[in-house]
Amino acid sequence: MQPTATVLVYSDDSNTRAQVRLASGRRPAPDVPEVEFVECATPEAVLRELDKGGIDVCVLDGEAVPMGGMGVCRQIKDEIFNCPPVLVLIARPQDAWLATWSRADAAVALPVEPVEFASALAGLLRRRALSSA
């Protein structure tokens, strides 16, 4: 993995995107690279960024409008070759089954709890590093 990991954050809500950036910090764990963020407010922007390549992990807001992160996750898992791991933000713990349906690699409840989020993100970054090694 490169010295910096690129994390795509999709949400129509700028506050949710800010929560993700703040919860992650510059480095979500000591053994993973520093992160830089690519923010997207629309599903079309997500697809454009993934087509460009270079994304290590996607964080998708399950409550985003007009298309929720779980729908976007399922679409990119079907359409993007070697799709990066996906962390879905869910509104309620009971929605975890929907995250499974979407083929998300991990799910964290909203509002973003920094320790839980950073741990989940670091786990996906580790997995991505192993798969690209």
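**Exercise 1. Explain why strand S4 is described as largely enclosed by the rest of the structure, and state which way its side chains point.**

Solution. In this predicted model, 5 of the 5 residues of S4 are buried, so the strand is largely enclosed by the rest of the structure.

Step 1. Buried means a relative accessible area under 20%.

Step 2. In a regular strand, side chains alternate between the two faces of the sheet. In S4, Val 86, Val 88 and Ile 90 point one way, while Leu 87 and Leu 89 point the other way. The residues of both groups are buried.

Step 3. On the pairing of this strand, S3 and S4 are joined in the parallel sense over 4 bridges. Within S4, Val 86 is the bridge partner of Cys 58.

**Exercise 2. Determine the order of the strands in the sheet and identify its edge strands.**

Solution. Step 1. The open sheet is formed by 5 strands with parallel pairing, and their order is S2-S1-S3-S4-S5.

Step 2. S2 and strand S5 (106-109) are the edge strands, since each pairs on one side only. Neighbouring strands are turned against each other by 25° on average, direction ignored.

Step 3. S1 and S2 run parallel and are joined by 7 bridges. Val 9 has Glu 39 in S2 as its bridge partner.

Step 4. Helix H5 lies across S1, S2, S3, S4 and S5, and runs at about 160° to S4.

**Exercise 3. Describe the nonpolar cores and the elements that supply the largest one.**

Solution. Step 1. In soluble globular proteins, nonpolar side chains tend to be buried together. Here the largest nonpolar core has 22 residues, and Leu 8, Cys 58, Leu 60, Ile 76 and Val 86 have the most contacts inside it.

Step 2. At least two residues of this core come from each of S1, S2, helix H2 (43-52), S3, helix H3 (69-79) and S4. H3 gives the most, with 4 residues.

Step 3. Apart from its neighbours within four places in sequence, Ile 76 is in contact with Leu 47, Leu 50, Cys 58, Leu 60, Cys 83 and Val 86.

Step 4. A second, separate core has 21 residues, including Ala 5, Ala 23, Leu 89 and Leu 124.

**Exercise 4. Examine helix H1: which of its residues are buried, and what covers them?**

Solution. Step 1. Helix H1 covers residues 14-24, and its buried residues are Thr 16, Arg 17, Ala 18, Val 20, Ala 23 and Ser 24.

Step 2. Their cover includes strands S1 (4-10), S2 (34-40), S3 (57-61) and S4 (86-90), together with helix H5 (114-132).

Step 3. At the start of H1, a side-chain oxygen of Asp 13 comes within 2.8 Å of the backbone nitrogen of Asn 15. Just after the helix, Gly 25 takes a positive phi of about 70°.

**Exercise 5. Is Ser 11 buried or exposed, and what does its side chain reach?**

Solution. Step 1. Ser 11 is located in the loop between S1 and H1. Ser 11 is buried, with a relative accessible area of 0%.

Step 2. The side chain of Ser 11 reaches the backbone nitrogen of Asp 13 at 3.1 Å. A polar contact of 2.7 Å also links the side chain of Ser 11 to that of Asp 61.

Step 3. Leaving aside neighbours within four places in sequence, the residues in contact with Ser 11 are Thr 16, Arg 17, Cys 40, Ala 41, Asp 61 and Ala 64.

Methods
Residues numbered from 1 in each chain as written. Predicted model: local features only at pLDDT ≥ 70, side-chain atom pairs only at ≥ 80, totals over all residues. Heavy atoms only, no water. Buried < 20%, exposed > 50% of the residue type's maximum accessible area, 1.4 Å probe, protein only. Contact = heavy atoms within 4.5 Å. Polar contact = N/O pair within 3.5 Å; in protein donor to acceptor, adjacent residues only side chain to side chain. Pairing = 2+ DSSP bridges. Axes fitted to C-alpha atoms, helices over the stretch in contact; angles between N-to-C directions. Core = buried A, V, L, I, M, F, W, Y, C linked by side-chain atoms within 4.5 Å.
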